[in-house]
Amino acid sequence: MRFVAIICLILAIANGQDARPDLDAGRLQTGSFSFRTLVDGTEVGRSRIQIRRSTDSGTYIFSNLVIGSFSQSWDAVASPTFRPVSAKLSFGQGSAARTAFDLSYQGNRVTGFITSQKEPLSKREVDETVA
């Protein structure tokens, strides 16, 4: 159940939804959480989700590293009220890793880039207003 809550929070951050003052990231359990990925009962990968608070900025950093068949990594940074700061997703690992998106949020704007699955070397710049 904790995993589902973490994913919902990350999706809210990545979608740039407005922060709600009644939300308080200080209530989250920080730390490292490990998971195994099973397909037909066979382990095909592992993942580690980390939640930590930055002592410098007071933001919360959510990250996940997945190794194995579904290798990817993502990072999302949010304010203590879950206002989005940044989000990044990469597929693969090591020298084969490619960034799918890298976004930064400032006020009601999001900037950065996204790449297409069909053309992974082609980046589309993002500079949009977030509602």
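**Close-up views of a predicted model**

**View 1. Thr59 and its side-chain contact with Ser57.** Thr59 is placed in the loop between β2 (42-53) and β3; helices (H or I, at least four residues) and strands (E, at least two) are DSSP runs, numbered from the N terminus. This is a predicted model, in which local features need pLDDT of at least 70, side-chain atom pairs count only at pLDDT 80 or more, and totals for chains, interfaces and linings use all residues. Residues are numbered from 1 along each chain as its sequence is written, and side-chain values use heavy atoms, with hydrogens and water left out. With a relative accessible area of 14%, Thr59 is buried; buried means under 20% relative accessible area, exposed over 50%, and partly exposed in between (1.4 Å probe, protein chains only). The side chains of Thr59 and Ser57 are joined by a polar contact of 2.8 Å. A polar contact is a pair of N or O atoms within 3.5 Å; within protein, one must be able to donate a hydrogen and the other to accept it, and residues adjacent in sequence count only if both atoms are side-chain atoms.

**View 2. The protein as a whole.** The protein has 1 helix and 8 strands. Along the sequence their pattern is α-β-β-β-β-β-β-β-β. Of the 131 residues in the protein, 31% are buried.

**View 3. The hairpin of β4 and β5.** Strand β4 (residues 72-78) pairs with strand β5 (residues 84-91) in the antiparallel sense, over 7 bridges; two strands pair if DSSP finds at least two bridges between them. Opposite Asp75 stands Lys88 in β5. The hairpin has 5 residues between the strands, and Phe82 takes a positive phi near 70° in this hairpin.

**View 4. The hairpin of β5 and β6.** β5 also pairs with strand β6 (residues 98-106), in the antiparallel sense and over 6 bridges. Ser90 has Thr99 in β6 as its bridge partner. Here 6 residues lie between the strands, and Gly92 takes a positive phi near 85°.

**View 5. Arg98 and Thr115.** Arg98 lies in strand β6. Arg98 has a relative accessible area of 24% and is partly exposed. A polar contact of 3.2 Å links the side chain of Arg98 with the side chain of Thr115. These two residues are 17 residues apart along the chain, and their C-alpha atoms are separated by 9.0 Å.

**View 6. The nonpolar cores.** A nonpolar core is a set of buried Ala, Val, Leu, Ile, Met, Phe, Trp, Tyr and Cys residues joined through side-chain atoms within 4.5 Å. The largest such core has 11 residues: Ala25, Phe33, Ile51, Tyr60, Phe62, Trp74, Ala76, Ala78, Phe82, Leu89 and Ala100. At least two residues of this core come from each of β3 (60-68) and β4. β4 gives the largest share, 3 residues. A second, separate core has 5 residues, among them Leu103, Tyr105, Val110 and Val130. In soluble globular proteins, nonpolar side chains tend to be buried together.

View 7. The whole structure holds 3 salt bridges, a salt bridge being a side-chain nitrogen of Lys or Arg within 4 Å of a carboxyl oxygen of Asp or Glu. Glu43 is partly exposed at a relative accessible area of 34%, as is Arg46 at 43%, whereas Arg36 counts as exposed at 51% relative accessibility. Asp127 is partly exposed, with a relative accessible area of 46%, and Arg109 is partly exposed at 33%.

**View 8. Lys123 over the ring of Phe113.** The charged end of Lys123 sits over the Phe113 ring, 4.2 Å from the ring centre. A charge sits over a ring if NZ of Lys or CZ of Arg is within 6 Å of the ring centre and within 35 degrees of the ring normal.
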